[in-house]
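Open the model in your viewer and keep the selection tool at hand. The stops below go one selection at a time.

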Amino acid sequence: MSETSSELDAQGTELSRGDVLKRAGAAAFAVSMFGALPDKALGFYGPLRYQHKQLAGELKILQWAHFVPSYDQWLDNTYVKQWGEKNDVEVKIDHINNALLFSTASSEVAAQSGHDLYQFISPPSSFQKQVLPLNDIVQEVTKKVGPMSRVGLRSTYNPRTKAFFGFPDNYAPDPVQYRRSILAEADVNLRTWEDVRKGAPKLKQAGHPVGLGMSNEIDSNMMLISLLYCHGGFLQDEDNKIVLNTGSSRKGAIEALELMRDIYRNGMSDEIFAWTAASNNQAFLAGRLSMTLNAISIARSAESSGNTGLSDDTWLASIPRGPVTRLGNEHVMGVYVIWRFAKNKEAAKKFLVDQQLGYREHFTRSLYYNFPAWTGAIKGGFKAIREMTKQDTHKPRGKYTILTTIAEKYTTNVGHPGNSNAVIDEIFNRYLIPQMFAQVAQGKTTPADAVRDLDREAKTIFRKWRNAGLV
Amino acid sequence: MAAEPLRAVRRKLPTYLVVAPFAIVLAFPFYWMLVTMFKEDLDLYNAQNVPYVFNPLQWKFWESATTKHIEFLFEDTQYTNWLVNTAIVGVVVVAITLVFALPAGYALARLSGSWGQTAGIGIFLVYLIPPTLLFLPLSPVVARLGLQNSLLSLILVYPSFTIPFATWLLMGFFKTIPQELEDAALVDGCSRIQALLRIVFPVSLPGILTVVIFAFSLCVNEFIYAFTFISSSENRTISSGVPNELIRGDVFFWQSLMAATLIPSIVLALLYNSFLDRFIKGFTGGAFR
């Protein structure tokens, strides 16, 4: 889980003596001037690098409609306005449904016109040729708050081009959400995937099946790729070479496919092949499911619905351990890009830097959904984050503290142990992994054949992007 | 005297018995939407509840209902703007469509000779090219004209599918109007334009209304262009604004979604209903000669 030296260089984590002195000076100045205003002095962190006149103009931002509407309202009406006033920039921020981020981005690229800043919720590696490398602002933030999280780094850095094609802003851990009373009654625990396999029939019999999708949607994609990791099945190695049908990776992938086939046959129903991203939320909130994997939108929706019986009984846990490891994907990776055609690149860069440096309020306003890509962006790092999550008053008290553990120990990027590159992006967005699992679960192919076929397809995709110079 | 109404009821009873199930089935989605839009989250998400009524079940059902989701729709989203924008785009596009499709349909029906039919089919085929193929090549056009995030982009693009469809529909309708009517007008001293305006178009009113309603419906329903060419919430139309702002991540705001779709549905249903007879006449006009 360690970063390579080129990745560290690209981040600029090495501090020179001059850097240390500059930071100390800036810190002393900031403390003396704004010591009583921690995290409130929006847009002012350290000495101003940009002059107002350089930034003047309009900054257009597009990002997903956050599942917490109040976060977007605060962002649009308070944060962005204040930032704009401080920086002499008129900021316009638009929000769109996350399922349409890629098609809208394609349209903007085709038109070579649109927003300056564009936020994806998965690493947009296939757009690399259309975006500005952002090494400079990555280094700027790293110098101020310490190294970027590994998940952020591996999601946005291309070792081939040695460029950060995106600016990792935030990520959401992907916990298990389960009904404690139902699992206790059925005497099922979720420590390992083997436990899930054994418990699934009991839970189905109790009328509350397991909810693990095998459909063309983000939740299935994230969960199934994580399941592969836990069994030692990896699409690519650290050097981004396709290895799915090779050695221990092949063995792990086959085991994961067999496990999922068993869980489906004994503990789920056909509906999981037609699920949308919202299906597990809805089934869980309707009281049908006993467990699923998702970001905290389920638990938060249960709370806001007023159904305290359900919300108090909804507990969070880390992804179950597999025979090889306990590791899951981030659920959402908020990555901003600045298009090459952007009209106000400098303002876009400053916006990203300022937003990351003041991430504490973004974290709380998003109800602990948005973890900062630089953990140090919240002073005190994971320790402070854990303390913040402890403050949540919903029952069971402290249930969100597990998010810190998941984020710190069990969260990685899509494409682990390699980078989230264009190959992974294409495999992810064509939903080849859920399709492979569904084929096996439905008995249309054997696990070994499915692994071989996907490996072949992945290698074809790899060659395409290799020829394009992106891997 | 009392036997007469009874006989009338008996006569119509079989008709009603046949029609009633269809009416119930067709009206059910609207009823479902109506009930759901007033439901509390707690009522909606509890699988033990009867989904067709308010829970807990009581005579004063309004005590189990809430208007907060409708308030959210009108106060916390740009829903009113979306309605207005949809109406503006719909009306302007319908006008543009009529300006082009009326003469085109007439020309293909009357003046084109043997190749008219082929040209008509060709025009209709243009309508069949899906927006999912066209939105990318059209994006640079919209950008170069400076129409991004403007309703004008939709007003420019929508006629690309309304005009072919309307032309094809009107062509069929004009063919049902006897040539002799126009000949008589020409003999009486009308020019061809005057014959069109005074004789052909008034007779074609059912067909024109059909085109109006269809073109308007196409504009209201269109999603891809509305979504990709308009990016700010206040400029969106219903078809893009509703799914964009009421589905956040993997959370659906069901009650607000129901309200947002029911309101324009009622308007459209009333519109259809008020012209129902003419509409049916117009739609079937091209089918029988």
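What follows is a tour of the two chains, stop by stop.

This is a predicted model, in which local features need pLDDT of at least 70, side-chain atom pairs count only at pLDDT 80 or more, and totals for chains, interfaces and linings use all residues. Residues are numbered from 1 along each chain as its sequence is written, while chains are lettered from A and ligands numbered from 1 in the order in which they are written.

**Chain A, overall**

Select chain A. It has 21 helices and 14 strands. These are DSSP runs, numbered from the N terminus: H or I over at least four residues for helices, E over at least two for strands. Of its 471 residues, 55% count as buried. Buried means 20 or more other C-beta atoms within 10 Å of the residue's own; exposed means 12 or fewer, and partly exposed lies in between, with C-beta atoms placed from the backbone. Now consider contacts between residues at least 6 apart in the sequence of chain A: 76% join residues at least 24 apart. Two residues are in contact if their C-beta atoms, placed from the backbone, lie within 7 Å.

**The side facing chain B**

Show both chains. The contact takes 33 residues from chain A and 26 residues from chain B. On chain A, β1 (57-64), β2 (89-96), α5 (101-111), α12 (279-285) and α13 (297-305) each supply at least two residues. Which element gives the largest share of the side of chain A that touches chain B? Select α5(A): six residues come from there. By class, this side of chain A has 13 nonpolar, 17 polar and three charged residues. Ala, Val, Leu, Ile, Met, Phe, Trp, Tyr, Cys and Pro count as nonpolar; Asp, Glu, Lys and Arg count as charged; the others, Gly among them, count as polar.

**Chain B, two domains**

Select residues 3-66 of chain B for domain 1, then 77-285 for domain 2. The bounds come from an automatic or database domain assignment. Taken over C-alpha atoms, the centres of the two domains of chain B are separated by 33 Å. Seven residues of domain 1 of chain B are in contact with seven residues of domain 2 of chain B. Go to helix α1 (residues 3-37) of chain B: five residues, the largest share of the domain 1 side, come from this helix. That side of domain 1 of chain B has five nonpolar, one polar and one charged residues.

**A helix pair in chain A**

Return to chain A and select α19 (residues 422-429) with α21 (residues 447-467). Their axes come within 9 Å and cross at roughly 135°. Axes are lines fitted to C-alpha atoms, for helices over the stretch in contact, and angles run from 0 to 180 degrees between N-to-C directions. α19(A) and α21(A) are therefore oblique to each other. Angles under 35 degrees count as roughly parallel, over 145 as roughly antiparallel, 65 to 115 as roughly perpendicular, and the rest as oblique. Show side chains: A422(A), V423(A), E426(A) and I427(A) in α19(A) meet A458(A), I461(A), F462(A) and W465(A) in α21(A). These contact residues divide into seven nonpolar, no polar and one charged.

**A covered helix**

Select α20 (residues 432-441) of chain A. Eight of its 10 residues are buried, including I433(A), M436(A), F437(A) and V440(A). What covers the buried residues of α20(A) includes α10 (218-230), α11 (247-267), α19 and α21 of chain A. G443(A) follows α20(A), with a positive phi near 75°.

Most residues other than glycine have a negative phi, and most peptide bonds are trans. Some exceptions come next.

- Select K395(A) and P396(A): a cis peptide bond joins them, with omega about -10°. P396(A) is in the loop between α17 (381-390) and α18 (402-409) of chain A.
- Select H416(A) and P417(A): a cis peptide bond again, with omega about 5°. P417(A) is in the loop between β14 (411-412) and α19 of chain A.
- Select K162(A): its phi is positive, about 55°, although it is not a glycine. K162(A) is in the loop between β4 (157-158) and β5 (163-164) of chain A.
- Select D187(A), not a glycine, with a positive phi of about 55°. Is D187(A) buried or exposed? D187(A) counts as exposed, with 8 C-beta neighbours inside 10 Å.
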